[in-house]
Amino acid sequence: MGAPVRLGTGTIPKDAIVELVTARGIADLLDVVKVRHVSGDISLIGLKTYASGREKFQGESLDWAWADEECPIDIYTELLTRTNVGNGPVWMTFTPLLGVSEVVRRFLHERSPDRQVVTMTIDDVAHYAEDEKQRIIASYPEHEKEARVKGIPVLGSGRIFPIVEERIAIEHRDIPPHWPRIGGMDFGWDHPFAAVELAWDRDTDTVYITKAYRLKEATPVIHAAALRAWGKDMRWAWPRDGRRETLEGAGIALAEQYKEQGLNMLHEHAQFEDGSVSVEAGLIKMLTMMQAGRFKVFKHLNDWWEEFRLYHRKDGKVVKEGDDLMAATRYAILMLRFASTRAAYDKFRRPIEYPKVKYV
């Protein structure tokens, strides 16, 4: 609307404003705005505060709703209800300073073709010079920086990998053929099946996440077809539930189903050398490698980064939602000792050549 003394200098031009209705007893606080529509009819804009509660949002149907700053989940669902008749959109614009709230979880973990997330980072703000960006970033408290600069929900002490992305993110690069590789996979149906490729620079003991795959509600045939393209020499680490049978597999263990589809599954499920499978120990191992600069991830692996940013604890326990690629990565790390090169695979697979005997 523009400032109170300059109405009509905002988004809505002054000649389109038909009437302004202020909230009872509060000067300059607008309640209803009547705007002349291009069709000749009058559009009504109603303004409400979250403090007034969900009940104040009940009533007539709406063509469109816009929640500025994050609203409570009950108000969000009420806005959805108000726009159901005309199938109108509901917009929400906010910095996720409340962490992985119910609203944030709905958008980031419960994917739907009817919901879309658009993230704007400080790098998308073209009118800031680079030195201005750095000054702005430096002005925020450390625990708010990623939320305000990149739109990553504040996770505070609950974040499992409290690492600045720039420390582990790298541009795509060619992987030398003498670096051993290993794949890690996490089985899933309702939640996605996930897989990663890990390359290992043994000279510096640094691992690189070079590929990521995530898809739900698909069979081993579909997943294996996609993963075979990563190389027939790739050995695959898999979780303990790979020994479990599925109805779709007619009583055949999950790991065996993928082996039948041409994947080189390791002979045992992912575990430390002593046979333990502690999740916490695996996460600590990954975090230690990140902190030491021995863990790198290609920047373009968007699905992997999405999970990394939201991977957190609640009440001290790891939240087992949206962690499929994180789990696949952990399995690959646990079984890194079985990583192999293509040359080693070819040597192992080469037919035995028997000495030729000349008969006289």
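Biologist: What does glutamate 19 form a salt bridge with?
Modeller: Lysine 34. The closest N and O atoms are 3.2 Å apart. Bear in mind that this is a predicted model.

Biologist: Which strands do glutamate 19 and lysine 34 lie in?
Modeller: Glutamate 19 is in strand β1, and lysine 34 is in strand β2, residues 30-36. The pair therefore ties together parts that are 15 residues apart in sequence.

Biologist: What else is found in strand β1?
Modeller: Valine 18, for one; the strand covers residues 17-22. Valine 18 is partly exposed, with a relative accessible area of 39%.

Biologist: Which residues make a nonpolar surface patch with Val18?
Modeller: Ile42 and Leu44. The patch comes to about 270 Å².

Biologist: Back to charges. How many salt bridges does the structure hold?
Modeller: The total is 22.

Biologist: Which residues are linked in a network of salt bridges?
Modeller: Arg54, Glu55, Glu78 and Arg82.

Biologist: What about arginine 105, which side chain does it meet in a salt bridge?
Modeller: That of glutamate 321, at 3.1 Å from N to O. This pair links distant parts of the chain, 216 residues apart. Arginine 105 sits in helix α2, residues 102-108. Glutamate 321 is in the loop between β14 (317-318) and α9.

Biologist: Why does arginine 105 count as buried?
Modeller: Because its relative accessibility is 18%, and buried means under 20%. Glutamate 321 is partly exposed, at 38% relative accessible area.

Biologist: And lysine 150, what does it form a salt bridge with?
Modeller: Glutamate 165, with the closest N and O atoms 4.0 Å apart. Lysine 150 is in helix α4, residues 145-150. Glutamate 165 is in the loop between α4 and β6 (169-170). The two are 15 residues apart.

Biologist: Is lysine 150 buried or exposed?
Modeller: Lysine 150 is buried, and glutamate 165 is buried too.

Biologist: Now α9. How many residues of helix α9 are buried?
Modeller: 11 of the 11, so the helix is largely enclosed by the rest of the structure. It runs over residues 324-334.

Biologist: Which are the buried residues of α9?
Modeller: Among them are Asp324, Thr329, Arg330 and Tyr331. The list also includes Leu325, Met326, Ile333 and Leu334.

Biologist: Zoom out. How many helices and strands does the protein chain have?
Modeller: There are 10 helices and 14 strands.

Biologist: What radius of gyration does the protein chain have?
Modeller: 27 Å. A compact globule of 360 residues would be near 21 Å.

Biologist: What box do the C-alpha atoms fill?
Modeller: Roughly 115 × 50 × 45 Å, taken along the principal axes.

Biologist: What share of the residues in the protein chain is buried?
Modeller: 41% of the 360 residues.

Biologist: Last one, contacts. Among those between residues at least 6 apart in sequence, what percentage joins residues at least 24 apart?
Modeller: In the protein chain, 58%.

Notes: Residues numbered from 1 in each chain as written. Predicted model: local features only at pLDDT ≥ 70, side-chain atom pairs only at ≥ 80, totals over all residues. Heavy atoms only, no water. Patch = residues over 30% accessible without salt bridge, like charges linked within 9 Å, V, L, I, M, F, W, Y side chains within 5 Å. Areas by Shrake-Rupley, 256 points an atom, 1.4 Å probe, with all protein chains shown as cover. Helix = DSSP H or I, 4+ residues; strand = E, 2+ residues; numbered from the N terminus. Buried < 20%, exposed > 50% of the residue type's maximum accessible area, 1.4 Å probe, protein only. Rg over C-alpha atoms; globule rule 2.2 N^0.38 Å. Contact = heavy atoms within 4.5 Å.
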